[in-house]
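Subject: A structure to look at

Hi there,

Here is the structure I promised to pass on to you.

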Amino acid sequence: MSRFDQKDLATNPYGKCKDCGVSLETEDLARTHMTDSRHCVWILNPSRQRNIERHVDSEIEMALDDVFQDLYRLVEREEATADEIEKALSNACYLDDEWRKFVDGSQ
Ligand SMILES: [Zn+2]
């Protein structure tokens with residue numbers, strides 16, 4: 001059991017409709033309801049993968065903020081322009097590949 005695991009759907013429905021209030025037990029039911037009614041669904045009990053994605057997104061956001069602050073110092077010191085850094089960044093992010101290399105190197 002990890003904090004990312006989806007809670008038991010029998011007692012914790014996947015979502016609830018924002019528009020009509022109906023409880024939706026599973027992601028499939030929620031998707032069908034959204035498609036059929038064009039209503040919006042509030043996700044209360046996301047899948048394990050979605051919970052991990054949210055965590056990863058927030059870790060990346062925090063790490064990127066540090067990177068951008070460091071890079072911005074180069075702009076402030078007039079060592080590089082914001083445009084030059086943007087150009088360099090455009091081919092610098094292959095995070096899934098880098099992650100796989102890191103995992104392979106850690107085993
Ligand atoms: Zn609805």
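Below are my notes on what was found in it.

Two things first. Please keep in mind that this is a predicted model, in which local features need pLDDT of at least 70 and side-chain atom pairs count only at pLDDT 80 or more, while totals for chains, interfaces and linings use all residues. Residues are numbered from 1 along each chain as its sequence is written.

**The overall picture**

The protein has four helices and three strands. Helices (H or I, at least four residues) and strands (E, at least two) are DSSP runs, numbered from the N terminus. Reading along the sequence gives the pattern β-β-α-β-α-α-α.

How does the radius of gyration of the protein compare with that of a compact globule of 107 residues? The globule would be near 13 Å, but the protein has 21 Å. This radius is taken over C-alpha atoms, and the globule rule is 2.2 Å times the number of residues to the power 0.38. Along its principal axes, the C-alpha trace spans about 55 × 40 × 20 Å.

Of the 107 residues, 5% count as buried. A residue is called buried if 20 or more other C-beta atoms lie within 10 Å of its own, exposed if 12 or fewer, and partly exposed in between, with C-beta atoms placed from the backbone.

The domain assignment gives domain 1 (1-46) and domain 2 (50-92); such bounds come from an automatic or database assignment. The centres of the two domains, taken over C-alpha atoms, are 34 Å apart.

**The sheet**

In what order do the three strands sit in the open sheet? The order is S2-S1-S3, with antiparallel pairing. Strand S2 (23-24) and strand S3 (41-43) are the edge strands, each pairing on one side only. Two strands pair if DSSP finds at least two bridges between them, and two bridges join strand S1 (residues 15-17) to S2. Here Gly15 stands opposite Leu24 in S2.

**The helix H2**

Now find helix H2, which covers residues 48-76. H2 has 29 residues and reaches 42 Å from its first C-alpha to its last, close to the 42 Å expected at 1.5 Å a residue. The expected span is 1.5 Å times one less than the number of residues. Is H2 largely buried or in the open? The number of buried residues among its 29 is zero, so H2 lies largely in the open.

Most residues other than glycine have a negative phi.

- Arg38 is not a glycine, yet has a positive phi of about 60°. Arg38 lies in the loop between helix H1 (27-37) and S3, and is exposed, with 8 other C-beta atoms within 10 Å.
- Glu78 also is a residue other than glycine, with a positive phi near 60°. Glu78 is in the loop between H2 and helix H3 (82-89), and with 7 C-beta neighbours inside 10 Å, Glu78 counts as exposed.

Arg77 is in the loop between H2 and H3 too. Arg77 has 8 C-beta neighbours inside 10 Å and counts as exposed. How far is the C-alpha atom of Arg77 from that of Thr11? They are separated by 57 Å, and the two residues are 66 apart along the chain.

Enjoy exploring, and write back with any questions!

Best wishes
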